[in-house]
Amino acid sequence: QDDREAARLLGLAADQGLAKAQHNLAVCYVECRGGLPQDDREAARLLGLAADQGLAKAQHNLAVCYVECRGGLPQDDREAA
């Protein structure tokens, strides 16, 4: 129950554009936390939003998505760098 509430609150904060919340919600989607289904595409989308705001963790994790073709992203070493 607490995990579900945490995911709900992260969703609200992510909708407000908070980079850390976007990153943490992406992790929830990758790891199926908070009752959320695994959704690599949504995780990549959220990571992109957080990365665009300069959050280093999100930039790193998005680069991994590009290297490993996750979240529907094509393999793109240039974009990953």
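Residues are numbered from 1 along each chain as its sequence is written, and side-chain values use heavy atoms, with hydrogens and water left out. In this predicted model, local features need pLDDT of at least 70 and side-chain atom pairs count only at pLDDT 80 or more, while totals for chains, interfaces and linings use all residues.

**View 1. Helix 1 covers residues 2–15.** Helices here are DSSP runs of H or I with at least four residues, numbered from the N terminus. Ala7, Leu10, Gly11 and Ala14 of helix 1 are buried, meaning under 20% relative accessible area (1.4 Å probe, protein chains only). They cover an arc of only 105° around the axis, so they sit on the same side of helix 1; the arc is taken from the directions from the helix axis to the C-beta atoms. Just after helix 1, look for Gly17, with a positive phi of about 90°.

**View 2. Helix 4 covers residues 56–68.** Its buried residues are Ala58, Leu62, Ala63, Cys65 and Tyr66. Because these fall within an arc of 155° seen down the axis, they line one face of helix 4. Turned away from that buried side are Ala56, Lys57 and His60, which are exposed, that is, over 50% relative accessible area. Just after helix 4, Cys69 takes a positive phi of about 55°.

**View 3. Cys32 is in no disulfide.** A disulfide is a pair of cysteine sulfur atoms within 2.5 Å, and a search of the whole structure finds zero. For Cys32, the nearest cysteine sulfur belongs to Cys28, 10 Å away. Cys32 is partly exposed at 42% relative accessible area, a term for values between the buried and exposed cut-offs.

Key:
Helices (H or I, at least four residues) and strands (E, at least two) are DSSP runs, numbered from the N terminus. The expected span of a helix is 1.5 Å times one less than its number of residues.
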